[in-house]
Structure formats: C-alpha cells, structure tokens
Amino acid sequence: MKNTYKIVGFFMLLFTQVGFTQDSDVAKQVKELSMNKWQWMADKDVDKLKDLFDEDARFVHMSGSWDKSRELEIIESGSIWYKQANVHDTVVKEFGETVIVWNRITLVAHVRGDDVSTEFTVTEVYQMQNDAWKLLDLTFSSVRDTHKIVH
C-alpha cells in the first residue's frame, strides 16, 4: 500500500511540474513581450505597437484615459516620450487565454517639455488572439518608491 501512495505521489508531482513548466513558458513569453513593448515605446516604434495593441485597447494615464489611436498618436508625436522604463519587479498571472502583467517601474518620460521620473505599478492585460498576443489594457497607477508587488 505504501508503494501505491509513493507511485501516486510521484505522478502527482510529475503532472504538477509539467503544468508549472507550461505556465512559466507562457509567462516568460508575455513578460518578454511586455519588456519589448517598453523599448518600442521608447523608440516611438508605432508600427510594432500598432500590431501589439488590440483595436479596442484602452490606456489609463495620470491625465486621462483613451483608445489605441490616441495612444499611438501620443507616442508618435512625442507629446509623451517614454524614454526609459526601469522595471524593478514583475508578476505575471495566467487566466486561460488572458494574461495579466504587473510591472513595478520607474518611468523616465519627456512630458510637456520636461523630463520627469515617476514611480508606477503598470497593469497590462494581454489576450491570445489568432495565435498572437494582443494588449487589451495598459493602466499606470502612481505609487510610492517603497511600493511592493506581492508575488
């Protein structure tokens, strides 16, 4: 009987490890995409961002919220230039075909003629659509520099 429990326990452990590996592969893929997005924003690469952003995506900033076309216009014109996002911590959580990324960042941006450095936790919602990840939502939450993301 002890051997039966050992065998069952072994297979439960094996299946759990396989499940975590699959989840971590998706998490790694979306985390990398999120990091690429920060670089594309810094580079004002609206062509790559246009493909990443869902047609109905929403963007929430300190000064308001808007749609995909307005966000791309802001990036292309440089009215907000996301010069550098220093990512301090990231949590990725899968919900079926939807993945949420929480990035704890210090954002260096050029806004209204001035360079500013602001602490944010940024929430990004991605969904797999037609074999490609699409960003559905990007929300900046202003936080203190001591803010922590619980893993």
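1. Let's start with rings: those of Phe, Tyr and Trp (for Trp, the six-membered ring) make a pair if their centres lie within 6.5 Å, and the pair counts as stacked with planes under 30 degrees apart, edge-to-face over 60, and tilted for the rest. Searching the whole structure turns up 4 aromatic pairs. One of them joins Trp38 and Phe140 in an edge-to-face arrangement, with 6.1 Å from centre to centre and 70° between the planes. This pair ties together distant parts of the chain, since Trp38 sits in helix α1 and Phe140 in strand β6, 102 residues apart. Ring pairs also link Trp38, Tyr82, Phe120 and Phe140 into a cluster.

2. A word on the ground rules. This is a predicted model, in which local features need pLDDT of at least 70 and side-chain atom pairs count only at pLDDT 80 or more, while totals for chains, interfaces and linings use all residues. Residues are numbered from 1 along each chain as its sequence is written, and side-chain values use heavy atoms, with hydrogens and water left out. Helices (H or I, at least four residues) and strands (E, at least two) are DSSP runs numbered from the N terminus.

3. Trp38 has 5% relative accessibility, so Trp38 counts as buried. Phe140 is buried too, because its relative accessible area is 6%.

4. Leaving out residues up to four places away in sequence, Phe140 touches Trp38, Val60, His61, Tyr82, Ile105, Leu107, Phe120, Thr121 and Val122 (a contact means heavy atoms within 4.5 Å). Together with Tyr126, Phe140 has the most contacts inside the largest nonpolar core, a set of 29 residues. At least two residues of this core come from each of α1 (2–42), α2 (46–52), β1 (53–61), α3 (68–77), β3 (80–95), β4, β5 and β6. A nonpolar core here is a set of buried Ala, Val, Leu, Ile, Met, Phe, Trp, Tyr and Cys residues joined through side-chain atoms within 4.5 Å. In soluble globular proteins, nonpolar side chains tend to be buried together.

5. Next, the strands. β4 (residues 98–111) pairs with β5 (residues 114–129) in the antiparallel sense over 14 bridges; two strands pair if DSSP finds at least two bridges between them. One spot to check is Arg104, whose bridge partner in β5 is Thr121. The two strands make a hairpin with 2 residues between them, and Arg112 in the turn has a positive phi of about 50°.

6. β5 also runs antiparallel to β6 (residues 132–142), joined to it by 10 bridges. Gln129 stands opposite Ala132 of β6. This hairpin has 2 residues between its strands as well. Where does Asn130 lie? Asn130 is in the loop between β5 and β6, and it counts as exposed because its relative accessibility is 80%. Its phi is near 50°, a positive value in a residue other than glycine. Most residues other than glycine have a negative phi, and most peptide bonds are trans.

7. Lys44 is another such case: it is not a glycine, yet its phi is positive, about 55°. Lys44 belongs to the loop between α1 and α2. At 32% relative accessibility, Lys44 counts as partly exposed.

8. Not counting residues up to four places away in sequence, Leu138 touches Lys37, Met41, Arg58, Phe59, Val60, Val122, Thr123 and Glu124. Thr139, in strand β6 as well, has 19% relative accessibility and so counts as buried. The side chain of Thr139 makes a polar contact with that of Asp137 at 2.8 Å. Such a contact is a pair of N or O atoms within 3.5 Å; within protein, one must be able to donate a hydrogen and the other to accept it, and residues adjacent in sequence count only if both atoms are side-chain atoms.

9. Finally, α3. Lys68, Glu71, Leu72, Ile74 and Ile75 are buried in this helix. They cover an arc of only 160° around the axis, so they are on the same side of α3 (the arc is that of the directions from the helix axis to the C-beta atoms). Ser69, Glu76 and Ser77, on the other side of α3, are exposed.

Key: Buried < 20%, exposed > 50% of the residue type's maximum accessible area, 1.4 Å probe, protein only.
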